[in-house]
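User: Please walk me through this model, feature by feature. I would like the general idea each time, then the case here.

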Amino acid sequence: MLTLTRSAALQGCSTPARRPEGLRYTSLAVVALLSIAHAQQPPPAPPGKPYVPLAADALASNSDHYVGENVTLTAAVGRVLSRSAFAVEQRPVVAKHDAKDVLVLAPILNGPVEPDKYVTVAGEVVRFDPAEIAKKVKGYQVDLPPDAIEKYRGRPAIVAKVVVNDKSVDLAMRLPPPETPEEKALDARMKKIAPAFAALRGGVDASKSDVAAQQIAVLKQAFAETESIWKQKGVAEAMKLAQDARKHVDAIEQSTTGGDWEAAKKSVATLNQSCQTCHASYRERFDDGSYRIKKAG
Ligand code: HEC
């Protein structure tokens, strides 16, 4: 049930649900969750390979078969090798880490994993080679000690997108940096714009001019403020998009005061597209459901 909360968060555009800290979900749900995450991430990527559940032993002894595949694996943490790398084994084997362990590289790991505790990991199987990993995983530096690099070189490893620990916390979530003052200001405007837009749409659908007038006033002001935030930031194109959005609000106002509800509906749809155009270029979503201004590039 709680999984649905994250799914809803991933799908939400106009009414995003924030994923509460430490939201729990079962390991079985990880596969579904990942496919949703992939499907929702802009820009639209080709659908990823399905995730196949696997046992650590099977992967360690059949590595050729799985290289390039997406897998999920529930196993015990063995040696913790660095801030972003650890080994997993089929079951806890205290102080006797055997040759059948599997290396897990987690480019994002927000907290440590605990030896001998179970984790559920999901990601792509690669053949471990630091140079290949550097090419494959943008911005990630393999940080294993030299002896571990030699031990695992050529063996299968998982580049993890999800690492759910025994408290059902996904340690591999991409969390946002702290909000900048501009982001706080924009966020406050968006939190006014979203409900006002929803109410305006309802008012227009129901031909209610009082509701429309009320929400139009809120939107006009909030878009004017949005425009000036982008102006200060010096992003001409985003400033223009905010201006356009305001113009669509003006058009809606004209239609509703003139009683032309069909024209108003069309302008509502155009305004909705302005929201989406700007979000596609300038908004970035993080795994906890929060948003920030998208960084260039
Ligand atoms: C000029 C660009 C622009 C336009 C136009 C725009 N937005 Fe946004 N919106 C953003 C950016 C950038 C963010 C992320 C900033 C943040 O929340 O920190 C955002 C965030 C949001 C959020 C998430 C707020 C949160 O953190 O919970 C919602 C909801 C939203 N916008 C709704 C809308 C709707 C609805 C419209 C149109 C009626 C719209 N926006 C038009 C740029 C825009």
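**Reading the fold and its helix contacts**

User: Where is the place of S168?

Analyst: S168 sits in the loop between β6 (156-164) and α7. Helices and strands here are DSSP runs, numbered from the N terminus (helices are H or I with at least four residues, strands are E with at least two). The model is predicted: local features need pLDDT of at least 70, side-chain atom pairs count only at pLDDT 80 or more, and totals for chains, interfaces and linings use all residues. Residues are numbered from 1 along each chain as its sequence is written, and side-chain values use heavy atoms, with hydrogens and water left out.

User: What is the phi of S168, and is S168 buried or exposed?

Analyst: Phi is near 60 degrees, a positive value in a residue other than glycine. Burial is read from relative accessible area: buried is under 20%, exposed is over 50%, partly exposed is in between (1.4 Å probe, protein chains only). S168 has 19% relative accessibility, so it counts as buried. S207 also has a positive phi without being glycine, near 50 degrees. S207 lies in the loop between α7 and α8. With a relative accessible area of 39%, S207 is partly exposed.

User: How many helices and strands does the protein have?

Analyst: The protein has 10 helices and eight strands. It has 297 residues, of which 42% count as buried. Contact means heavy atoms within 4.5 Å. Among contacts with a separation of 6 or more, 65% join residues 24 or more positions apart.

User: Which residues is A75 in contact with, leaving aside its neighbours within four places in sequence?

Analyst: A56, V88, E89, Q90, K117, Y118 and V119, with those neighbours left aside. A75 lies in strand β2 (residues 70-80). A75 is buried, at a relative accessible area of 0%. A75 and T120 are 45 residues apart in sequence, yet 6.5 Å apart in space, C-alpha to C-alpha.

User: Now the helix pairs. At what angle do α8 and α9 pack?

Analyst: First the method: axes are lines fitted to C-alpha atoms, for helices over the stretch in contact, and angles run from 0 to 180 degrees between N-to-C directions. Angles under 35 degrees count as roughly parallel, over 145 as roughly antiparallel, 65 to 115 as roughly perpendicular and the rest as oblique. α8 and α9 pack at about 165 degrees, with their axes 8 Å apart. That makes α8 roughly antiparallel to α9.

User: How do α9 and α10 pack? What is their angle?

Analyst: Helix α9 (residues 236-257) and α10 pack at about 165 degrees, with their axes 8 Å apart. α9 and α10 are therefore roughly antiparallel. α9 passes α10 in a left-handed crossing. L241, V249 and I252 are among the α9 residues that meet α10, where the partners include V268, L271 and Y282. The contact of α9 with α10 has 13 nonpolar, seven polar and one charged residues.

User: At what angle do α7 and α10 pack?

Analyst: Helix α7 (residues 181-205) and helix α10 (residues 261-282) pack at about 155 degrees, with axes 10 Å apart. α7 and α10 are therefore roughly antiparallel. The crossing of α7 past α10 is left-handed. M190, F197 and R201 are among the α7 residues in contact; W261, L271 and H279 are among those of α10. This contact divides into seven nonpolar, three polar and three charged residues.

User: How many aromatic pairs does the structure hold?

Analyst: One. Rings of Phe, Tyr and Trp (its six-membered ring) pair if their centres lie within 6.5 Å; planes under 30 degrees apart count as stacked, over 60 as edge-to-face and the rest as tilted. W230 and Y282 form a tilted pair, 5.3 Å centre to centre, with 55 degrees between the planes. The pair links distant parts of the chain: W230 is in helix α8 (residues 209-233), Y282 in helix α10, 52 residues apart. W230 is buried at 3% relative accessible area. Y282 is buried at 14%.

User: Is D210 buried or exposed?

Analyst: D210 is exposed, with a relative accessible area of 56%. D210 is found in helix α8. D210 and T256 are 46 residues apart in sequence and 9.6 Å apart in space, C-alpha to C-alpha.

Notes:
A crossing is left-handed if the near helix is turned anticlockwise from the far one by less than a right angle, and right-handed if clockwise. Ala, Val, Leu, Ile, Met, Phe, Trp, Tyr, Cys and Pro count as nonpolar, Asp, Glu, Lys and Arg as charged, and the others, Gly among them, as polar.
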